[in-house]
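This report looks at aromatic side chains in one protein model. Please keep the sequence and the structure in view while reading.

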Amino acid sequence: MIGFFFVSVYKYKSQPAFLLFSLACFSFAAAEVFASIRVYIDFPFVTHYLANIFIILSPLLIIVGLFKYKNTQNISLMPLYCIFGFSAFLLLAIYPFDAAKMLTSLIIAGLFIYSGYLIKSMSFVAKIQQKALTTCFLVHSGVMLLQVAVLSIPVISSNVVDITAPLQIILISHLILATLSALILPFLLFSNTEYTLSNLANTDSLSQLLNRRGFFNKAKESLNQLSNKDKSVSIIILDIDFFKRVNDEYGHDTGDQAIKWIAQNIKEQFINTGISARIGGEEFAILLPDYSLSAARESAEYLRENISKQPFYYKGAHINLSVSAGVSTALNGQMSIKDLLSLADKRLYLAKETGRDKVVTFDEKQLLLQS
Ligand SMILES: Nc1nc2c(ncn2[C@@H]2O[C@H](COP(=O)(O)OP(=O)(O)OP(=O)(O)O)[C@@H](O)[C@H]2O)c(=O)[nH]1
């Protein structure tokens, strides 16, 4: 069933990794069918040889699928194909004997350890499930090694020993672990996809800052945190001065690079303290969850000065940019983010009206004109 699920995902996403994962499930199921008909038919090539081949193929396909999912181009899969070819060749000589079962278990134990290592070294957002899947693979490899030990008892013992009961327990754990792994794997992959999609929806592709939607989402999340309760919340809105001239004089491409440069300045200053976003064409917002009005004004001043004192260089052009900013503050919960933003926006407008390249923190235009 999980195999069919992977096929449907493959049909939908056309990602080869999912086809490989589905083949791994079918290979596992085929191996179990071949092995279980041993009691009905006496045809060891199918019930022993093919069962062993398909059971080895299953983790191999998972590993190849993981490589495809990682999109690792520079890793050669040749060693894996060699392991498979060599195992198939060796098993052909010994498949009617117990040694074949032991060899198969040893190979699978090795492949499971490698799969666990691969999962651990990959980047997944669902950390608990990543640990769970790594553990599943490692425990599974332990079960395989235990199977080798149990299978070797009759060989080394001088008495006749019945190992049916421990082998049945091993078989059951084998089925449980395989099913668990097959259930956790898609969860891991989908949580990564969902994270990527949510990032795309909340990020501005030019500046790599949050977009307006991302800003509101993150701001709400941050202000709802218990540690930010009863704290002063400040918002800085920043707008590039006379940006139309930059586009007109140097072209739209230079304008884009200027936006990226401003964003970089914002990121560098607020990476650990604020939530930064590009909320409009040449307009940025920074939410500071634990900043008083004076602390926010100081930060905005620092940023404004930094931008105006260092020229922006692009394709030989040397462009002096400046920004205007409006700052607003309220106690967390007293004003909505939207209202705080529009108060800061009003002050930004005042900064523009009264000369630009300045930070405004209050609403009296007359005072601003006098200063
Ligand atoms: N290159 C580039 N330009 C943009 C982008 N988004 C908006 N703009 C431009 O930004 C300019 C904004 O112009 P205005 O609103 O007149 O403001 P301004 O020239 O900055 O003047 P003030 O804000 O009043 O100082 C317009 O020319 C837009 O085309 C963008 O993503 N890339």
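## A charge over a ring

In this predicted model, the ring of Phe-242 has the charged end of Arg-245 over it, at 3.8 Å from the ring centre.

## Aromatic pairs

A pair of aromatic rings is described by two values, the distance of the centres and the angle of the planes. The model has 17 aromatic pairs. One of them joins Phe-18 and Phe-21: the ring centres are 6.2 Å apart and the planes stand at 90°, so this pair is edge-to-face. Both residues belong to helix 2 (residues 16-36), and because they are three residues apart, about one helical turn separates them.

Tyr-95 counts as buried because its relative accessibility is 18%, under the 20% cut-off.

## An aromatic cluster

Phe-18 and Phe-21 are also members of one aromatic cluster, together with Phe-5, Phe-6 and Phe-190.

## A nonpolar surface patch

Phe-45, in helix 3 (residues 44-70), is partly exposed, with 32% relative accessible area. Phe-45 is part of a nonpolar patch on the surface with Val-39, Tyr-40, Ile-41, Phe-43 and Leu-92. Together these residues have about 650 Å² of accessible area.

Methods: Residues are numbered from 1 along each chain as its sequence is written. This is a predicted model: local features need pLDDT of at least 70, side-chain atom pairs count only at pLDDT 80 or more; totals for chains, interfaces and linings use all residues. Side-chain values use heavy atoms; hydrogens and water are left out. Patches are made of residues with over 30% relative accessible area and no salt bridge: like charges are joined within 9 Å, nonpolar side chains (Val, Leu, Ile, Met, Phe, Trp, Tyr) within 5 Å. Accessible areas come from the Shrake-Rupley method with a 1.4 Å probe; for residues, only the protein chains shown count as cover. A salt bridge is a side-chain nitrogen of Lys or Arg within 4 Å of a carboxyl oxygen of Asp or Glu. Helices (H or I, at least four residues) and strands (E, at least two) are DSSP runs, numbered from the N terminus. Rings of Phe, Tyr and Trp (its six-membered ring) pair if their centres lie within 6.5 Å; planes under 30 degrees apart count as stacked, over 60 as edge-to-face and the rest as tilted. Buried means under 20% relative accessible area, exposed over 50%, partly exposed in between (1.4 Å probe, protein chains only). A charge sits over a ring if NZ of Lys or CZ of Arg is within 6 Å of the ring centre and within 35 degrees of the ring normal.
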